[in-house]
Amino acid sequence: MSAILFSDFGDPAFAAEYARRRGGRTERVAGRIVELAGIGEGDRVVDLCCGPGLVSAQLVERVGATGEVIGIDASAAMISLARAAAKDTNVRFLEGDAYTFSALLRQPVDHVVATSAWQNFLTDRERVLDELARALKPRGRFSFDVRLRSQGAAAASSWREIAQTLSARWPQLALPEVSGGPARRPYTREALELDLALITQRGFRLLHREEVEEPRDTSRSDQLGWRFEWWLARTAPTLSAQARVEILSEFERARAPHQGAGAAKRSTTYVVVEAG
Ligand SMILES: C[S@@+](CC[C@H](N)C(=O)[O-])C[C@H]1O[C@@H](n2cnc3c(N)ncnc32)[C@H](O)[C@@H]1O
């Protein structure tokens, strides 16, 4: 397999496609986090790993004209999409690393929110917790979501099986690796317990933990679907339209077992913690 990644957030073309495809789930997650974290008028909030800024848009509505939202992401491509989409003057976007982001802030904030980031990207937990302690006011809150798997393989292993089927029929296709971060592996209940233990050891207090069953249409496999279509359209332009249709239908057949009744169940867990 070639080194092309499915989730190359630094690639402007992928970032634009991600922004276009991202929608329902992000809004649901952001909406729930805003409620659970108790974000309100006048709050100053960091949207950490903000991507194209969809969550920031919801946050800025909540904090109103007297609050402020600061979106931070390591990808320049994501930051420029977020800036282009921003409508309010009290939201700004900064390119920066989650492990050093507190240096970008003029003063501590009331909330830090990180959606779809903790399990695959904020993997050096101790460093990120140190940063959060620096960035938050006393009793400021950090909120994040994780997608728990009750069983089954990670997206990367599902994709590997599907890719084997496709390569057997089209050996000339240089199929990409699935990668969205350094630790694309199943995030289990045990992993969450360990993380929560570390979070409390580091002086944070657990305020809320809520698990919600994932609706079918937002499964990881469906995300794999659009990523694959996008990759096929972009990286295999020399294929005939007929070949593309055949490859897509083989892809659908090969991924069916990963989506059916036997596929791993998923849920989203929301966590809100308070700094000491
Ligand atoms: C799955 S996206 C989530 C984007 C957004 N929070 C959302 O829910 O739509 C993960 C984002 O994390 C960013 N990211 C990954 N590692 C990062 C790091 N160390 N510091 C800052 N941003 C990072 C990526 O560039 C990407 O935009």
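Trainee: Which residue in β5 does Ala-114 stand opposite?

Mentor: Ala-114 stands opposite Phe-144 in β5, and this belongs to a pairing in which β4 and β5 run in the parallel sense over five bridges. Keep in mind throughout that we are reading a predicted model.

Trainee: How does the chain cross from β4 to β5, and through which helix?

Mentor: The path leads from β4 through helix α5, residues 125–135, to β5, and this β-α-β crossover is right-handed.

Trainee: How many residues of strand β4 are buried?

Mentor: For strand β4, residues 109–114, six of the six residues are buried, so the strand is largely enclosed by the rest of the structure. As a general idea for reading any such element, in a regular strand the side chains alternate between the two faces of the sheet.

Trainee: What is the order of the strands in the open sheet, and which pairing does it have?

Mentor: The sheet is open and has seven strands in the order β3-β2-β1-β4-β5-β7-β6, with mixed pairing. At its edges stand β3 (91–95) and β6 (205–213), each with a single partner strand, so one side of each is left without a neighbour in the sheet. From one strand to the next, the twist averages 15°.

Trainee: In which sense do β6 and β7 run, and how many bridges join them?

Mentor: Strand β7, residues 266–274, is joined to β6 by eight bridges, and the two run antiparallel; one of the pairs to look for is Arg-209, whose bridge partner in β7 is Val-271. Helix α7, residues 189–201, packs on the sheet and touches β5 (136–149), β6 and β7, while its direction makes about 170° with that of β5.

Trainee: Is Thr-235 buried or partly exposed?

Mentor: Thr-235 lies in helix α8, residues 220–235, and counts as partly exposed because it has 15 C-beta neighbours inside 10 Å, whereas a buried residue would need 20 or more. Sequence distance and spatial distance should be read separately here: Thr-235 and Pro-176 are 59 residues apart in sequence, and their C-alpha atoms are 9.8 Å apart in space.

Trainee: Which residues come nearest to the ligand, and what classes make up the shell?

Mentor: Of the 19 residues around the ligand, Phe-9, Cys-49, Gly-51, Ala-74 and Ala-98 come nearest, and the shell divides by class into 11 nonpolar, five polar and three charged residues.

How values were computed: Residues are numbered from 1 along each chain as its sequence is written. This is a predicted model: local features need pLDDT of at least 70, side-chain atom pairs count only at pLDDT 80 or more; totals for chains, interfaces and linings use all residues. Helices (H or I, at least four residues) and strands (E, at least two) are DSSP runs, numbered from the N terminus. A residue is buried if 20 or more other C-beta atoms lie within 10 Å of its own, exposed if 12 or fewer, and partly exposed in between; C-beta atoms are placed from the backbone. A residue is near a molecule or strand if its C-beta atom, placed from the backbone, lies within 6 Å of it. Ala, Val, Leu, Ile, Met, Phe, Trp, Tyr, Cys and Pro count as nonpolar, Asp, Glu, Lys and Arg as charged, and the others, Gly among them, as polar. Two strands pair if DSSP finds at least two bridges between them. Axes are lines fitted to C-alpha atoms, for helices over the stretch in contact, and angles run from 0 to 180 degrees between N-to-C directions. Two residues are in contact if their C-beta atoms, placed from the backbone, lie within 7 Å. A crossover is right-handed if, with the strands pointing away from the viewer, the path from the first strand over the helix to the second runs clockwise.
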